[in-house]
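The sequence and structure are shown first.

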Amino acid sequence: MASSAKQGPKIVSKSPAGGAGAAGAGGGLPVMPLASPLMGKKKKPFLGMPAPLGYVPGLGRGATGFTTRSDIGPARDANDPVDDRHAAPGKRTVGDQMKKKEEDEEDLNDTNYDEFNGYAGSLFSSGPYEKDDEEADAIYAALDKRMDERRKERRELREKDEIEKYRMERPKIQQQFSDLKRKLSGMSEEEWLSIPEVGDARNKRQRNPRNEKLTPVPDSFFSKHLQTGDKHTTVDPLQGLAGLNTPYPGSMTPGTGELDMRKIGQARNTLMDMRLSQVSDSVSGQTVVDPKGYLTDLNSMIPTHGGDISDIKKARLLLKSVRETNPHHPPAWIASARLEEVTGKLQVARNLIMKGTEMCPKSEDVWLEAARLQPGDTAKAVVAQAVRHLPQSVRIYIRAAELETDMRAKKRVLRKALENVSKSVRLWKTAVELEEPEDARIMLSRAVECCPTSVELWLALARLETYENARRVLNKARENIPTDRHIWITAAKLEEANDNVQMVEKIIDRAITSLRANGVEINREQWIQDAEECDKAGSVATCQAVIRDVIGIGIEEEDRKHTWMEDADSCVSHGALECARAIYAHALQMFPSKKSVWLRAAYFEKNNGTRESLEALLQRAVAHCPKAEVLWLMGAKSKWLAEDVPAARSILALAFQANPNSEEIWLAAVKLESENNEYERARRLLAKARSSAPTARVFMKSVKLEWVLGNIDAAQELCTEALKHYEDFPKLWMMRGQIEEQGENMDKAREAYNQGLKKCPHSSGLWWLLSRLEERVGQLTRARAILEKARLKNSQSPELWLESVRLEFRAGLKNIANTLMAKALQECPNSGILWAEAVFLEARPQRKTKSVDALKKCEHDPHVLLAVAKLFWSERKITKAREWFLRTVKIEPDLGDAWALFYKFELQHGTEEQQEEVRKRCENAEPRHGELWCAESKHVLNWQKKTGEILAGVAGKIKNTF
């Protein structure tokens, strides 16, 4: 096209003989074009081409585009059909498409914008939907489908469980009555036809109640009729506006006389009294509505019996129908009487129940209900009448005896009853309880003849007889009831009470053999319960014999040890200590070489026995388990606590023979000597231990002994020697640094800590001590850097996080402390010490919420429980605080801080007895851990203090800063 433009336009004439160019084709001369004014101008290349998209003519010279009606066509009605003949439903009219466009247009208003989520809809929903969008949507749909298939099984199981749980909590009515519907299958046709049909006995007005319409009468009505004296009962509609003539109450109505408002008030009061008298109830003459307090006390409209009157009427109607349909049904009469009793109609209830006794004279329940409803003398007459109808009824005789107030009359009634019903155990027991011991013995002799199968009567008789007669009674009882174990156990207790202990074991053995021969299954749990009862009754030999005979029944051989230990713990929790001791004795016979069983028995004796019993047990234990160091140490400690130091030394000497070069026994011997001020002997023992059994702990104890005795140079030399052998033992580096700190040699202390951290980079204690050292000398930035470095190497160490938080808090940077605490809880979400600290970092109103979060994360952590106790203490909730302190020391008795805070709490809010109890429990627990506790107990000046003294010292230093 470009070349043709350069050449210019060519004008060709059309020939009738053959079209354009015919002459040229024939070789003739070319035809000359006609002259034209446009011949010299070139044609523009864009002419005839469509305008580009968005082109507006004249835009370059400032023109603006506009649209006219001719551009968009004529206006169309909303109901006009669209051009597309095959449009989908909902898009077939112009109005439908306009609505669709309005829905598609996004609302980009500020109210539809959220800082986090942006606009509610998609910002690009109005853009063109291209092929790559379609491919992306298909990929996302495939991913969603794949993920949905992966989770489908779990989701369906979860939905099924949720539906089952929902159905269990809110069952359908159909499910609630399914058991009753199943029972209907067993009903006979006669039973089905005998079901009464309850008709509706109410009249039409009661069935369709309508609210009574009341119209207030204007004063002009009263005024007019007072003057005229008319007695019409209707109001003329034309007079309805007469009240408008009254300017205000009490003034003169034009054209009438004076209006007496006092009389109107009296008339209204009379009308109110009539209304109140109509709604008053007649339940035993009581008025439900109080006329005086009607307007002020709305509660007076509630019936005194607490039920709805309409419900009571329905129940009364239903019970009346039941009585009329089946008059010989005792429960109907009893229910009717009780309904009337509840509503206050006591006399009606009595009449109903007496009629019930006439209709059901053979029903015990009806007679007993009648006796209950009647007053004293009448009740006796009713019971006498009942006895005539039911001479074999035990319950009626018992009721007759209860109605008598005189003891002799009671006895007479019961003896008369026993003449008629001599086989009743209940009557015999009731009669015997009223007699003196001698008369009771005689009656019981007769009772066991009449009721030879009653174990209670035989045992009661045996308790009242002498030893020889009791043996005969129990032998007779065994003959009559060969299947009851209580008779055998009572016989064993009888022999033990009369110092015939050797017979106890034989009786229990014979009992097991005899009961098995009679087909009785020996229930191990029941026999152990009987043994516990014997223990509580003081029959120790019987208890032990029962335990020995039944403890192994029904247990697999591999489960014996585990089951017996559980049984012993159960007996201890029930307070049956002799049972537990017998179980341990039997277990030790069966497992004489089991160290764990000896330890459990030793701890039992330590907590519940005497010192002598513990030492005897430990002597047997070390004879069977000579390699168990802990048993030797327990024996030596028991002797030491009894201030028998030579005996403790001899036990440790024997322990050395059985366990040569044992670290625990060496250190126990050193502690024994040092505690008794035998420092030279302790030094010699440690020197011998270092030469024969060198360990890191032995060296540490050697350094500690010299340090506390003030021999700093010797301590440093020993420490240097120890670090040559055990440079990866962090406690030696700590002690070296602390010794230098004590001498104010901060540079040497820093050097010791740094050297230790090179060897032991994962020791939280070394990092902690170095940070404290820098903080003490005023280098806060360096201390912070040290802790950051420590956390990088030990990111899961809650102690280091806690020290970092406290460092910032001590520096007054509470915001940084809170930020660090948040990071710490992310790294160590289950750390109790961090949660406990986080509770008190919060402001006072938020502490309770934080403590709830802490308990959710660390429910059984002693530090969290201790923090909650301190929180209640700070809020002056004394009882709750004491409960949480007790819970803490029960879960973790080794936490010294809990004991110290508990003791401080009791010093402020408890009695002397409570303080003493906490102190004793702490001494028995011998706690060794806790930040405050270790700071006090491991101080070089407190190395010889007892647990009670350390407790008092720590409690004295605690301040209620929380």
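The model examined here is predicted, and Asp132 is placed in helix H5, which spans residues 131–169.

## Positive surface patch

A patch of positive charge is also found on the surface, where Lys671, Lys701, Lys731, Arg928, Lys938 and Lys946 gather. One of these residues, Lys731, belongs to helix H37, covering residues 730–742. With a relative accessibility of 41%, Lys731 is classed as partly exposed.

## Nonpolar surface patch

Nonpolar side chains form a surface patch as well. Its members are Leu184, Trp192, Leu193 and Ile195, and their accessible area together is about 450 Å². Leu184 is located in helix H7, residues 178–184. The relative accessible area of Leu184 is 42%, so this residue is partly exposed.

## Salt bridges

How many salt bridges does a search of the whole structure find? The search gives 40. Several of them are described below.

Asp148 and Arg155 are joined through their side chains in a salt bridge, with an N to O distance of 2.9 Å. Asp148 has a relative accessibility of 36% and is therefore partly exposed. Arg155 is likewise classed as partly exposed, its relative accessible area being 24%.

## A pair within helix H38 and a pair between helices

Asp747 and Arg750 form a salt bridge in which the closest N and O atoms are 3.1 Å apart. Both residues lie in helix H38 (residues 746–759); because they are three residues apart, about one helical turn separates them. Are the two partners buried or exposed? Arg750, at 18% relative accessibility, counts as buried, whereas Asp747, at 58%, counts as exposed. The reason for these assignments is that buried means under 20% relative accessible area and exposed means over 50%.

A further salt bridge brings together the side chains of Arg806 and Glu837, at 3.1 Å from N to O. Arg806 is part of helix H41 and Glu837 is part of helix H43 (residues 832–841), so this pair ties together parts that are 31 residues apart in sequence. Glu837 has a relative accessibility of 21% and therefore counts as partly exposed.

## A salt-bridge network

Which residues are linked in a network of salt bridges? The network consists of Arg338, Glu341, Glu369 and Arg372.

## A buried asparagine in a loop

Asn794 occupies the loop that runs between helix H40 (780–793) and helix H41 (798–810). Its relative accessibility is 10%, so Asn794 counts as buried.

The side chain of Asn794 has a polar atom that lies 3.2 Å from the backbone oxygen of Pro761.

Technical notes. Residues numbered from 1 in each chain as written. Predicted model: local features only at pLDDT ≥ 70, side-chain atom pairs only at ≥ 80, totals over all residues. Heavy atoms only, no water. Patch = residues over 30% accessible without salt bridge, like charges linked within 9 Å, V, L, I, M, F, W, Y side chains within 5 Å. Areas by Shrake-Rupley, 256 points an atom, 1.4 Å probe, with all protein chains shown as cover. Salt bridge = Lys/Arg side-chain N within 4 Å of Asp/Glu carboxyl O. Lys, Arg positive; Asp, Glu negative; His and termini not counted. Charge placed at Lys NZ, Arg CZ, Asp CG, Glu CD. Helix = DSSP H or I, 4+ residues; strand = E, 2+ residues; numbered from the N terminus. Buried < 20%, exposed > 50% of the residue type's maximum accessible area, 1.4 Å probe, protein only. Polar contact = N/O pair within 3.5 Å; in protein donor to acceptor, adjacent residues only side chain to side chain.
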